[in-house]
Amino acid sequence: MANVAKKVSWSGREREPEGQDETTPLLNGTGGAATPRQLTPSSSSSRLVRLSNVDLDDVCEPETDDSWPHPNEIPHNEKFLSLKYESLDYDNCENQLFLEEERRINHTAFQTVEIRRWFICAMIGILTGLVACFIDIVVEYLAGVKYRVVKEYIDKFTENGSLSFSLLLWAFLNAAFVLIGSGIVAYIEPVAAGSGIPQIKCYLNGVKVPHVVRLKTLVIKVCGVIFSVVGGLAVGKEGPMIHSGAVIAAGVSQGRSTSLKRDFKIFEYFRRDTEKRDFVSAGAAAGVSAAFGAPVGGVLFSLEEGASFWNQFLTWRIFFASMISTFTLNFFLGLYHGNPLDLSSPGLINFGRFDSEKVGYTILEIPIFIFMGVIGGILGAIFNALNCWLTMFRIRYIHRPGLQVIEAILVGAVTAAVGFVMIYLSTDCKPIQGNSATYPLQLFCKDGEYNSMAAALFNTPEKSVVSLFHDPAGSFDPMTLGVFTLVYFFLACWTYGLTVSAGVFIPSLLIGAAWGRLFGILLSHVTNGDIWIWADPGKYALMGAAAQLGGIVRMTLSLTVIMMEATGNVTYGFPIMLVLMTAKIVGDYFVEGLYDMHIQLQSVPFLHWEAPVTSHSLTAREVMSTPVTCLKSIEKVGTIVDILSDTSTNHNGFPVVESIPGDHQMLGLRGLILRSQLIVLLKHKVFVERANLSLVQRRLKLKDFRDAYPRFPPIQSIHVSQDERECMMDLTEFMNPSPYTVPQEASLPRVFKLFRALGLRHLVVVDNQNQVVGLVTRKDLARYRLGKEGLEELSLAQT
């Protein structure tokens, strides 16, 4: 195996840890390999030695150099999993405290809890819709101001031939907006970069990505996407709405803000990962609904791309949140535009209605649509491959915040310059009447005409997509569409991955709509206009947009419904589905989808739906982590403090063992306790002196653990005196007495299915005598994946 490499965060920038809860590695057992031996009891704790299939000579310790915090190059290797990501606890700890609380809750109390769930979902929908409305209004205002200023100077200097000043003004305005948008992301909250969809996918999969659902992240996300879109980058504001909705859901469901240090003393029952996950699923769906006006598509997106765990009641609540979100956006946009009774703006982008009577399709066009899906899959694979190479380059060389901001400014200026040159050289003039161009540029066209290249580049991407869908035949010259597709393809590929808040949905749709409309025009020319109704340019623009987006992000079910809802036409559901399926199949043959690729590049321990198909030969004995640190049911406080303070092995789960009756040399499994639980117990001094074990130690309630959630204090912040170190702590009341276990001989697919389906964080491996022999964690399963040459095993890298 290769040397352990130093890696960076989602944005390509390293961050200092801000607390144990966000930096503690996932594994219980990260030590080196050793020879297996039997478990022997000690006075306080027991350790198991690693049973590993990794050769000792191939394992290297991570190399760090504190004297050079920002190296010129950061080595990067895709064959690693990062140890900086923790796992979330999606399995409820059914200890005595939990069971006692559940028994005290009567039927009426359970109904009250259910009503609160529906109320929270309604609040998620309302707030997500308001955020989307705010983004849309501010972007529309700032973009209108910028476009009017630039258009005024372009029209003014076209007559006297001093267009260079207009170019400099356009580039300067773009660079200024991008500077602000990139600066706040790079220096304040790097996790707000990008669309946020890969991070939310990881969160719903069970991975704790630092800072991903914090209030500060939401503020930077919203401000960042506004400046990115107004800055003229090849980005969209729809993707970040999914992340924004998830952050809103995570905050509202907890009834407090840890960032603002405000606790409203409500919704305390939901302060655990299991409940929070369900609400984040609703927030992601509400974000999709607000972005595209597609509530059903939002539910399916959350199911297909995000949630790892699902049930019927969750489906209803998520659909409710999605409907509330799109209605809120609809209502307030109508209010803003002076017509509160108008509900014609269900999403941030409205594709416009496709009339089946005027623009239909025949059975003979199905092969043509499938062929367009093939093109979309190939172009999507090229886009992803180029972006993957570019992202690796950024991780290695552009990892300082200053360099990231400079790159973003450069991309903004280049985008403006390239667009200006294309507009300047274009001679494609069309009459203004009946056209949807918001700010038509005349340039060298005759009076009453506008430059169609400017219509595609000068407007916001959303308006350009609608123009390509609905402008009448003849509105765009084939050469204009071809050049625009080629240039915008590379600009969008270069832009995605910058340290700015932006999505890839709209750029993908715009690229696909451009080459799809070109495809329709060429088809009509080839057939000499005999099948002009076939080759309606708007219809093929829609199919091209679906093909391109499907080829990049590889979504099928949810994207089909989103496109159907956004166009308001069910008739096109079948061809859109065929196009998306074809694009996904063709694209998957070459490379992974864009989101999965970025998750892999960040070395996140992401668990897919199924274990690798060739992994049945592996057993739990071969994949488990050892040594495992075990605790006794009544343990010495000093021992617990020492174990938690051991920085070399930051374990998060500790099996609780006890001597088996009749054989004091064998320690049987009694339960499992988490690091966070032990820290709360130490913080509240829940222990007694060794000489007074008959005394009852201080009682805690679940509220004490929920108050500390989710940012549990690090062990270094808890003071334990020398006398207190000699005290004893009874873990019986707080441990999970029924953790999930598997025998050593269980196959990897069986272990994988149990671990993922139940949302586990730790899975204890036991022998025939119920002795702990290992612990299976997320990284033990994620490090096995199917590569080009068969089953691969990844190394673990400390970051």
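Reader: Which strand does β17 join up with, and over how many bridges?
Author: In this predicted model, strand β17 (residues 784–787) is joined to strand β18 (residues 790–793) by 4 bridges. The two run antiparallel. Strands here are DSSP runs of E, at least two residues, and helices are runs of H or I, at least four, numbered from the N terminus. Two strands pair if DSSP finds at least two bridges between them.

Reader: What joins β17 to β18?
Author: A hairpin, through 2 residues.

Reader: And what stands opposite G787?
Author: G790, in β18.

Reader: What are the ground rules for the model and the numbers?
Author: Residues are numbered from 1 along each chain as its sequence is written, and side-chain values use heavy atoms, with hydrogens and water left out. Local features need pLDDT of at least 70, side-chain atom pairs count only at pLDDT 80 or more, and totals for chains, interfaces and linings use all residues.

Reader: Which order do the strands take in the open sheet?
Author: The order is β14-β15-β16. That sheet has 3 strands and mixed pairing.

Reader: Which strands stand at the edges?
Author: β14 (741–743) and β16 (772–777). Each has a single partner strand, so one side of each is left without a neighbour in the sheet. From one strand to the next, the twist averages 30°.

Reader: In what sense do β15 and β16 pair?
Author: Antiparallel, over 5 bridges, with β15 covering residues 762–766. Within that pairing, V764 stands opposite L775 in β16.

Reader: Which helix packs on the sheet?
Author: Helix α26, residues 748–758. It touches β14, β15 and β16. A contact means heavy atoms within 4.5 Å. The direction of α26 makes about 145° with that of β15. For such angles, axes are lines fitted to C-alpha atoms, for helices over the stretch in contact, and the angle runs from 0 to 180 degrees between N-to-C directions.

Reader: Zoom out. How many helices and strands in the chain?
Author: 27 helices and 19 strands.

Reader: How much of the chain is buried?
Author: Buried residues make up 60% of the 799 residues. Buried means under 20% relative accessible area, exposed means over 50%, and partly exposed is in between, with a 1.4 Å probe and protein chains only.

Reader: What share of the contacts join residues at least 24 apart?
Author: 80%, among contacts between residues at least 6 apart in sequence.

Reader: Switching to rings. How many aromatic pairs?
Author: The count comes to 21. Rings of Phe, Tyr and Trp (its six-membered ring) pair if their centres lie within 6.5 Å. Planes under 30 degrees apart count as stacked, over 60 as edge-to-face, and the rest as tilted.

Reader: Why is the W118 and F320 pair called edge-to-face?
Author: Because the planes are at 65°, with the ring centres 5.4 Å apart. The pair links distant parts of the chain, with W118 in helix α3 (residues 107–160) and F320 in helix α10, 202 residues apart.

Reader: Where do F369 and Y540 lie?
Author: F369 lies in helix α11 (residues 366–397) and Y540 in helix α17 (residues 537–553), so the pair ties together parts 171 residues apart in sequence. The pair is tilted: 5.7 Å centre to centre, 50° between the planes. F369 is buried, and so is Y540.

Reader: Which residues make up the ring cluster?
Author: F119, F267, Y269, F270 and F279, linked by ring pairs.

Reader: Now N95. Buried or exposed?
Author: N95 is buried, with a relative accessible area of 3%. N95 sits in the loop between β3 (86–87) and α2 (96–104).

Reader: What does the N95 side chain reach?
Author: The backbone nitrogen of F98, at 2.9 Å.

Reader: Which residues does N95 touch?
Author: Leaving out residues up to four places away in sequence, Q677, E733, F734, M735, N736 and P737.

Reader: Back to α10. Where is T326 found, and what does T326 touch?
Author: T326 is in helix α10. With residues up to four places away in sequence not counted, T326 touches S289, G293, P295 and P346. T326 is buried, at 9% relative accessible area.

Notes
Polar contact = N/O pair within 3.5 Å; in protein donor to acceptor, adjacent residues only side chain to side chain.
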